[in-house]
Amino acid sequence: MRFQVNRDVFSEAVSFVVKLLPQRNPQPILAGVLIEAGDDGLTLSAFDYEASARTTIDATVETPGTILVHGRLLSDIASRLPNAPIEIAVEEDGGIAVTCGSARFTLAAMPVEEYPSIPEVTGSSGVVPADDFGTAIAQVGFAASRDDVTPVLTGVQLEVSGQNLSLVATDRYRVSLRDVPWDGEASEQTALVPARTLTEVGKTFGHAGTIQVAFSGSGDREIIAFTAGNKTVTSLLIKGNFPPVRRLFPEQTDHYAVVNTADLIEAVRRVALVLDRAAPLRFTFTSDSVTMDASGSEQARASESVDAHLSGGADVTLGLNPQYLTEALSAVKSEFVRVTFTSSDNANKLSPVLITSQTSVDQAGSDSFKYLLQPNLLLR
């Protein structure tokens, strides 16, 4: 095999396909990138049985063929080569020569015949706006659990209903929900996608115009595919029942406070500096302000107040995880934020707060993003 390819195009393609590979793979063969050279140019693929990435780029192919080479090493090399065309060829001894200008590398070839087949997607599909979908992933993905003990909570639930696609994630302490427009064949569909894979999809495809989403497979090998331009990412779905968290969102939202988003984020970050790790921050909402109080170790204390507008009820004092709150505030994407105090039938249980966007002090924003956060018990 022998081909010539643009250095920047090749480097970007290799970087894309290796992003989804684990840093440490128990099977060395899965650390490889499959490069197929043919009449249509180059196809680069990576697959670890959980997720795959594939892209096709233009190249001048002298001799068609297929090679498998260590992905991260090739990515590191390609990103540092001089600004000149790259030539890659298989040598007589089986080594892979990478030449660019006066730079030359020889890499070991991995056994192509041992590499697993990349999943093919043939099921129903639909299209979502890439910018909305990328933003939605960023607004929801961080709320998924990072604890593998409960695998279903490490994913983001995608739910197609009519012309709407919902993304939902929870780690038991919070729930994040965002809706985006859906145009496609599937009118009712659910898929539980690993949050890590979906986050990479959002970063890679967020400015692609539109993204095609396809559902395929069955049984233990159900997969979802995301395609934009010449790039495709597939992911094996997480098996299990996602908790019915939608029912936790309240219908009545009469008791709430409106606060400037940026002011609240900065104040929370300052006051939380004295808190012990995982300790809640005390919030007191009154008619014209919200006051944050923190007591930490070494007798350190901090407090700060921010203007707020309370409607529909009495003053409220509660404890909230400052990191969980600032992550939600950063995801709101509006100048003001509405913090709604929900009610519960259980008098012994703290009711969660609902965080949504607010265009101005008096005008609610879009309801496409909702974030529910469970308060913490205050010990003082």
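Student: In this predicted model, which residue joins its side chain to that of Ser 52 through a polar contact?
Tutor: Ser 52 is found in strand β4, which spans residues 51–57. Among the residues it contacts beyond its neighbours within four places in sequence are Thr 232, Val 233 and Thr 234. A polar contact of 2.5 Å joins the side chain of Ser 52 to that of one of these, Thr 234.

Student: Is Ser 52 buried or exposed, and what is its relative accessible area?
Tutor: Leaving aside its neighbours within four places in sequence, Ser 52 is in contact with residues including Leu 20, Phe 47, Ile 118 and Pro 119. A residue counts as buried under 20% relative accessible area. Ser 52 is therefore buried, with a relative accessible area of 2%.

Student: Where is Tyr 49 found, and what is its phi?
Tutor: Tyr 49 lies in the loop between β3 (41–47) and β4. At 35% relative accessibility, Tyr 49 counts as partly exposed. Although Tyr 49 is not a glycine, its phi is positive, at about 75°.

Student: Is Lys 333 buried or exposed?
Tutor: The loop between α6 (322–332) and β24 (336–341) holds Lys 333. Lys 333, a residue other than glycine, has a positive phi near 65°. The cut-off for an exposed residue is over 50% relative accessible area. Because its relative accessibility is 59%, Lys 333 counts as exposed.

Student: Why do the buried residues of α2 lie on the same side of the helix?
Tutor: In helix α2 (residues 71–80), the buried residues are Gly 71, Leu 74, Ser 75, Ile 77 and Ala 78. They lie on the same side of α2 because they cover an arc of only 165° around the axis. In general, an α-helix has 3.6 residues a turn, so residues three or four places apart point the same way.

Student: Which elements do the buried residues of α2 pack against?
Tutor: Leu 74 and Ala 78 are among the buried residues of α2. Phe 10 touches both Leu 74 and Ala 78. The buried residues of α2 pack against α1 (7–18), β2 (32–38), β6 (65–70) and β9 (103–107).

Student: Which residues have the most contacts inside the largest nonpolar core?
Tutor: The largest nonpolar core has 107 residues. Apart from it lies another core, of 12 residues, among them Leu 153, Val 168, Leu 177 and Ile 238. Inside the largest core, the residues with the most contacts are Phe 10, Phe 133 and Leu 167.

Key: Residues numbered from 1 in each chain as written. Predicted model: local features only at pLDDT ≥ 70, side-chain atom pairs only at ≥ 80, totals over all residues. Heavy atoms only, no water. Buried < 20%, exposed > 50% of the residue type's maximum accessible area, 1.4 Å probe, protein only. Helix = DSSP H or I, 4+ residues; strand = E, 2+ residues; numbered from the N terminus. Arc of directions from axis to C-beta. Contact = heavy atoms within 4.5 Å. Polar contact = N/O pair within 3.5 Å; in protein donor to acceptor, adjacent residues only side chain to side chain. Core = buried A, V, L, I, M, F, W, Y, C linked by side-chain atoms within 4.5 Å.
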